[in-house]
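Hi,

Here is the structure I promised to pass on.

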Amino acid sequence: MSFQVINVPDLPKPGQFSHVVKKDKFVFISGQTAHPEADVGQLDPMAQGKRIFNYLKAAIEAAGGTMGDIVKMNIFLTDGEQFSAIKKLRPLYFTPPYPAITTVVVHSMVRRDLVMEIEATAILD
């Protein structure tokens, strides 16, 4: 099975993963965090969320799509209270109908100064 790997220059350098994988009209965006900015530990959930949504936007555009092509997001939070930031940010990046989402509260991210991670799936027209 072959697929296209897209590593996005505007995103933090990937480790042993690809930023974006594209197969036919399907686009899978790896989980994005506010990493590796030096100030990440100083960012509140709203600021981290904004940075993540901007990374998602750069990723989908690199695959030839728009935020409107995102059909599913998986959101990982370290505290359920952080979901209020997602609810405030979502209308700034999407118009209804919004993508399907799954939101999970986890014990922690890989780095303790990160409070959320979002991955997305898109279908291009």
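**Helix H1 and the sheet**

Helix H1 (residues 45-62) lies across S1, S2, S3, strand S4 (70-77) and strand S6 (116-123), and it runs at about 25° to S6. "Lies across" rests on contact, meaning heavy atoms within 4.5 Å. For the angle, axes are lines fitted to C-alpha atoms (for helices over the stretch in contact), and angles run from 0 to 180 degrees between N-to-C directions. The helix and strand labels are DSSP runs numbered from the N terminus: H or I with at least four residues for helices, E with at least two for strands.

Before you dig in: this is a predicted model, where local features need pLDDT of at least 70 and side-chain atom pairs count only at pLDDT 80 or more, while totals for chains, interfaces and linings use all residues. Residues are numbered from 1 along each chain as its sequence is written, and side-chain values use heavy atoms, with hydrogens and water left out.

On to the sheet itself. It is open, has six strands in the order S1-S2-S3-S6-S4-S5, and its pairing is mixed. Strand S1 (4-6) and strand S5 (100-105) are the edges, each pairing on one side only. From one strand to the next, the twist averages 15°. Two strands count as paired if DSSP finds at least two bridges between them. As a reminder, strands of a sheet pair through backbone hydrogen bonds, either parallel or antiparallel.

Some of the pairings, with one residue pair from each:

- S2 (residues 20-23) and S3 run antiparallel and are joined by four bridges; valine 21 has phenylalanine 28 in S3 as its bridge partner.
- S4 and S6 are also antiparallel, with seven bridges between them; asparagine 74 is partnered by glutamate 119 in S6.
- S4 and S5 run parallel, joined by six bridges; here leucine 77 stands opposite valine 105 in S5.

**Surface and salt bridges**

Phe26, Phe28, Val71 and Ile123 make a nonpolar surface patch of about 300 Å². Patches are made of residues with over 30% relative accessible area and no salt bridge; like charges are joined within 9 Å, and nonpolar side chains (Val, Leu, Ile, Met, Phe, Trp, Tyr) within 5 Å. The areas come from the Shrake-Rupley method with a 1.4 Å probe, and for residues only the protein chains shown count as cover. One of the four, phenylalanine 26, lies in strand S3 (residues 26-32) and is partly exposed, with a relative accessible area of 34%. The classes are: buried under 20% relative accessible area, exposed over 50%, partly exposed in between (1.4 Å probe, protein chains only).

How many salt bridges are there? The count comes to two, taking a salt bridge as a side-chain nitrogen of Lys or Arg within 4 Å of a carboxyl oxygen of Asp or Glu. In one, the side chains of glutamate 61 and lysine 57 meet at 2.7 Å, N to O. These two residues are four apart in helix H1, so about one helical turn separates them. Glutamate 61 is partly exposed at 43% relative accessibility, and lysine 57 is partly exposed at 34%.

The other salt bridge joins aspartate 113 and arginine 111, at 2.5 Å, N to O. Both ends are again partly exposed: aspartate 113 at 26% and arginine 111 at 27%.

**Around proline 45**

Leucine 114 sits in the loop between S5 and S6 and is buried, at 5% relative accessible area. Leucine 114 is 69 residues from proline 45 in sequence, yet their C-alpha atoms are 8.9 Å apart. Serine 84, in helix H2 (residues 83-93), is 39 residues from proline 45 in sequence and 9.0 Å away, C-alpha to C-alpha. Serine 84 is partly exposed, at 38% relative accessibility.

Most residues other than glycine have a negative phi, and most peptide bonds are trans. Two spots here are worth a look on that score. Aspartate 24 is not a glycine but has a positive phi of about 55°; this residue is in the loop between S2 and S3 and is exposed, at 62% relative accessibility. The peptide bond from proline 96 to proline 97 is cis, with omega near 0°, and proline 97 is in the loop between H2 and S5.

Cheers
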